[in-house]
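Okay, thanks for coming, everyone.

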There are 4 protein chains.
Amino acid sequence: MTITASQDQKLSRRLRLGMVGGGRGAFIGAVHRIAARLDDRWELVAGALSSDPERARLSGEDLLLKPDRIYGDFNEMARREKRLKDGIDAVSIVTPNHAHAAAARAFLKAGIHVICDKPLTTTRREADQLAKLARESGVIFAVTHNYTGYPLVRQARAMVQNGDLGAIRVVQVEYAQDWLATRTEETGNKQAEWRTDPARSGPAGSVGDIGTHAFNLAEFIVGDEVTTLAAELHTFVEGRRLDDNAHMMLRFASGARGQLWCSQVATGQENGLRIRVYGEKGGLEWNQENPNLLVFSPLGEPPRLIRRNGAGASDISRAASRIPGGHPEGYLEGFAQIYTDVAEQIAARLEGRDPDPLSLQAPTVDHGVRGVRFIDAAVRSSARKAAWVDV
Amino acid sequence: MTITASQDQKLSRRLRLGMVGGGRGAFIGAVHRIAARLDDRWELVAGALSSDPERARLSGEDLLLKPDRIYGDFNEMARREKRLKDGIDAVSIVTPNHAHAAAARAFLKAGIHVICDKPLTTTRREADQLAKLARESGVIFAVTHNYTGYPLVRQARAMVQNGDLGAIRVVQVEYAQDWLATRTEETGNKQAEWRTDPARSGPAGSVGDIGTHAFNLAEFIVGDEVTTLAAELHTFVEGRRLDDNAHMMLRFASGARGQLWCSQVATGQENGLRIRVYGEKGGLEWNQENPNLLVFSPLGEPPRLIRRNGAGASDISRAASRIPGGHPEGYLEGFAQIYTDVAEQIAARLEGRDPDPLSLQAPTVDHGVRGVRFIDAAVRSSARKAAWVDV
Amino acid sequence: MTITASQDQKLSRRLRLGMVGGGRGAFIGAVHRIAARLDDRWELVAGALSSDPERARLSGEDLLLKPDRIYGDFNEMARREKRLKDGIDAVSIVTPNHAHAAAARAFLKAGIHVICDKPLTTTRREADQLAKLARESGVIFAVTHNYTGYPLVRQARAMVQNGDLGAIRVVQVEYAQDWLATRTEETGNKQAEWRTDPARSGPAGSVGDIGTHAFNLAEFIVGDEVTTLAAELHTFVEGRRLDDNAHMMLRFASGARGQLWCSQVATGQENGLRIRVYGEKGGLEWNQENPNLLVFSPLGEPPRLIRRNGAGASDISRAASRIPGGHPEGYLEGFAQIYTDVAEQIAARLEGRDPDPLSLQAPTVDHGVRGVRFIDAAVRSSARKAAWVDV
Amino acid sequence: MTITASQDQKLSRRLRLGMVGGGRGAFIGAVHRIAARLDDRWELVAGALSSDPERARLSGEDLLLKPDRIYGDFNEMARREKRLKDGIDAVSIVTPNHAHAAAARAFLKAGIHVICDKPLTTTRREADQLAKLARESGVIFAVTHNYTGYPLVRQARAMVQNGDLGAIRVVQVEYAQDWLATRTEETGNKQAEWRTDPARSGPAGSVGDIGTHAFNLAEFIVGDEVTTLAAELHTFVEGRRLDDNAHMMLRFASGARGQLWCSQVATGQENGLRIRVYGEKGGLEWNQENPNLLVFSPLGEPPRLIRRNGAGASDISRAASRIPGGHPEGYLEGFAQIYTDVAEQIAARLEGRDPDPLSLQAPTVDHGVRGVRFIDAAVRSSARKAAWVDV
């Protein structure tokens, strides 16, 4: 009530966005578009929205794109947008996983900033190459590990950094869904089809689709890297070609120990991404399905309910909020924050100034690489009876 | 996961929006702007964002409005926009309460559709006149009783209509906050200043600011009118000029009985709008702070957790959702739904077709009038020792 | 883990208990018996367990009472037990409401301590007479407003007394059930039969059965008396002779204002006794169905989760606990606390010492009188269109 | 409301109980005593309450035991009670872990039924020997894996057996506390002292103290055995000699996979025993800290809140309940159920009839053996870098 909608005020400019993938029948493309416009920093002006040219055209028309900014091919789009006076400032890549790398390379080479969905690539080699190319090209490269955009996730990270929990001992992270509890991939569901297809999804199923989010969230909040892990991947649904559940043990560089569970067959779970972090002096608990609440338990004191933009919320979390406490923000606002951060980084470059340091919390290609290494390690460990392997 | 972001697909057009009020330092104006653009149906192109011309100009620049569409006066704005070829399709009125009526009249007379914040006016007479004028002019007039935009609120209403609860007996509704638990109005907080000032807020404080939302929610879900009420208004904070707490008993036309509580001094409560409805065959419970959950308790069976866009969600609630269950939507998405509904109504007129019937759920001037009558009745009852008075 | 089961240690003696009512088919009698033995302070040795002599005999045998301590009549029991060397120290009266007064008088006259179920009597006159008789006789007279035996209810009261909440402004109390949502009284359910029968239950239904508990809880925690109330009683189930729902507004002596709701037709509610208290400096929330948690919200700070016998639990609540935090106690333990308190009071007399002051928190005949006055006031107010009446 | 307190009715007899351990300063002994008397099936008549004779005497006096039934030595107690006409029917063994075996042997040899705390013994060999001896002696031997006494835990087991969840795929079980987050064992806390001392606690700390409960709960509900596990045990508190945290992966005979976490350093957790079971057709979730609720999620339907003794509660869970839904039962009632079950088994023998089959759900020496094998396997696996080992 007493706080203005902070993300809405005083625009210096609106940036031009292009999109690769995300046409008719897609899910995550639409999410990216809402996220991009929510804080009014972006305008979608161009797209190669499908690898099928006709579908690309119809999808572009659906979104009222100008005909000459609707492309049937992302290479053409990169080449042409680079030359346009009002060409795109950045591109969103929201295709199935296997197509990320080629598209990203095209725009990197054109010097256009990239926002890429996760997992970054389907192989570790590709991921490393892409990171190298990004570094060399100097463009901004964000990867939408979007859950780090939630205000209280950022507060959790800051509290750990600040020592509020003391040295971290135990990390319990999980991401559980149930939408693949049956053979969803044979019902015509496009999301399920490509996510369970090794050719498009990569070597992992649930581990790549959601396990990477859990892993990223743990490393982000703890502010520490997982050095080794032991994993067992399971495929419960008959005939499925990739894992739909996985159990892991994690070792962090600092000595903290963790457990990770991801599942797409956990009946009754919708999108249960949840993390608990226990340190010498306190514990934290956060649950994506009720993201406006962070429970902080200082040792020997009653747990405290820290609510987004409410009493106890830090400046870091307030800066990522739009509306007062008690007015719930959700998944789209958290996702929007990533877009807003990237917009700030780009605007700062265009204006020759330093970006707001808070905007640098947006996940980069390096976080994307970590995700791919995680998938790779999990698959290798599982093939060796859950032996400990380096990440 | 398996559901597309329904509000994003296939735009027929984007409508042009103007705004009155909502400049620098305002809260709800920013909310309206996010709500308007979230589903991509609207583009903000004009504004008289403050009654102070200089502030209006600066506020317009903040939002990248074109200079010739920044107005210092809403009358001028109404006159000029009416004549422009690309003039606004609708105006949002987001000033303090006392200024709603005059602004609304100006745009009604210009034949421009109106979206007005609540409470509609500060007097019952003004409200009735406005409703009459709206009817005569034939324009679309929405009032942002925004909580009716939540998908599960709409599902709750449909379940009652459908007889899932049987005849309704008891309605418990409350709206509790704590941001006025101290003399917030003397701390420089602009929201608190005008909301506790009878000249700008009208004859009621908490009753007008949030009690109206609770009342509207109850009538919306129950699908029935409150005929009489008994109310006691309280002012707990010394020196305050309007109520900051109220207790009421409600009688519905159908014979159902209710209790309403609103408070802005309920320490620890952020934005606790909550409703429980009990019928002969079942009960419902919904809480705005966790809006993705509706608890339905059929008599003699275990309560069921209906989650937005999850198992058990109806088509009506799915149509007001953007993303899959487990990916929380919040206050802004619920608010956006009202804008999306109004856009559909206007687009249908422009295209000479019937609007999607679901879009007609958006609250109209008549709901605004009910809210003003509610305030009026509560104030009158309280002045008479909580005697029963007609609404 | 680190706390001993405090109620179990070091018995000085076990007291002898008799019971009136509570034979086969009864509910609350069995609860009283478990409550009495839970902390090992009492041994049940005598009973007039039914007004039907044969049923009384069989019921006594069920409980392994000695034949000569099984009575068919409570007057005979009072006379004989008074004379026995090992006669009962106290009697529990657990009959339907209308029979409390006569039984209590018999034991008061015999100088035997009394534990009586609530409501104390069915008329205000009888209640006042009983209180007078109790005062004159000098015996201990407890009334089982059992919810005050919960540790965190006692902590809540102490926090209010201690000023942790500042001056109290608003009290919201409710007690909602659904077991009378249909004509339960015609299904052979004995509990429902007498509770809906004015001859046995008194002038009120839900108000007497559960509203009194809510009222008692509010006065107990706030530490203040309700001076006047405005009530509307409803009977929703056709053919029912007493109220099954009621709405009230309360005024406390200190100036605090409250709302009370009780219902036995609130579909989906099992035993929803819940209270929220808001003061100038903080708020409290407690819910009987999850009694091991007290939420304390200091103004401007995050709410704190105070857990029974956990961090933040006060000595007063620890003294009423048996086992460590996280090991939930429930209804029976709260009820047992009343018995344990009374045992301490009696033991202190027998041992010629002062009782533990904490034991004096057990509700007395005066609280029983308050409950009867509350019922009387509610019925009078409702008969006068919810006019304000004195309690 | 409509249900009698089922455990209280119609006693055929009260059994005589003796106790070994549980004197002054102990925790679990007091819990056993409350549990034994709660349902009125037992009377404590004898004890060797401490290995220190003077402490044993004082402790016996505290509990009002007759002087000649207070023993300084359990061997003497076994010998003498065996010969007494009114000797004990059963003995409770509640000493530290290392002393269980010798005491149990003494009473087994005397033909006295045994109720023993968990873990059964500190070595696998001792456990196997004890089980063999129990089988040969023919006495009833219960092990207080008390969490299986909770009504909804029994319902969960029955639902799995009944196929309500389909074939089980994933089991997530955890037991988290924080009372050993610091060097509690050096603060004079007796519980902490022996639990962190290998000589008295055995080869494991948290794994033996609480991990065994989690393991037992999982096997009980799933109705299946864990065949192999991979475990890593951690000691976070400097100087501690046993584990205070452990992570495990589990493989069930049926093919189900599980994760187990136990911790006594999870800051903010009091007694967080929680299990989630996912099958092909549905999922279940239960949390010991709110034991009156079982969440059942049938695939594709809204989750259902099954409440103890409420709508949806099965006969099996009702039989283990005392009071109606909404009147919470807790830890002591669950523990009492084990005592009540054993009483029924013994009474049936004394009366020459078959026991109520439901009473056979009480955990036996075989469950005790499983617990010891679990500890042994966990310790072995952890010593081999979390290799898979047989249980």
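So, chain C and chain D: 54 residues of chain C and 54 residues of chain D take part in their contact, where contact means heavy atoms within 4.5 Å. Before I go on, this is a predicted model, where local features need pLDDT of at least 70, side-chain atom pairs count only at pLDDT 80 or more, and totals for chains, interfaces and linings use all residues. Residues are numbered from 1 along each chain as its sequence is written, chains are lettered from A and ligands numbered from 1 in the order in which they are written, and side-chain values use heavy atoms, with hydrogens and water left out.

Back to chains C and D. Together they bury about 4600 Å², with 56% of that on carbon and sulfur atoms. Buried area here is the accessible area (1.4 Å probe) that two parts lose on being put together, summed over both.

How many salt bridges are there between chain C and chain D? The count is 4. For a salt bridge, a side-chain nitrogen of Lys or Arg has to be within 4 Å of a carboxyl oxygen of Asp or Glu. One of them joins R37(C) to D40(D), at 3.8 Å from N to O.

Now look at chain B with chain D. Here the contact takes 10 residues from chain B and 10 from chain D. The buried area is about 820 Å², and carbon and sulfur atoms give 75% of it. On the chain B side, P302(B), P303(B) and L305(B) lose the most area to chain D, together 57% of what that side buries. And salt bridges across this one? The rule finds 0 between chain B and chain D.

Okay, rings. Over all chains, the structure holds 32 aromatic pairs. Take Y147(A) and Y150(A): their ring centres are 6.3 Å apart and their planes sit at 15 degrees, so this pair is stacked. The rule pairs rings of Phe, Tyr and Trp (its six-membered ring) if their centres lie within 6.5 Å; planes under 30 degrees apart are stacked, over 60 edge-to-face, and the rest tilted.
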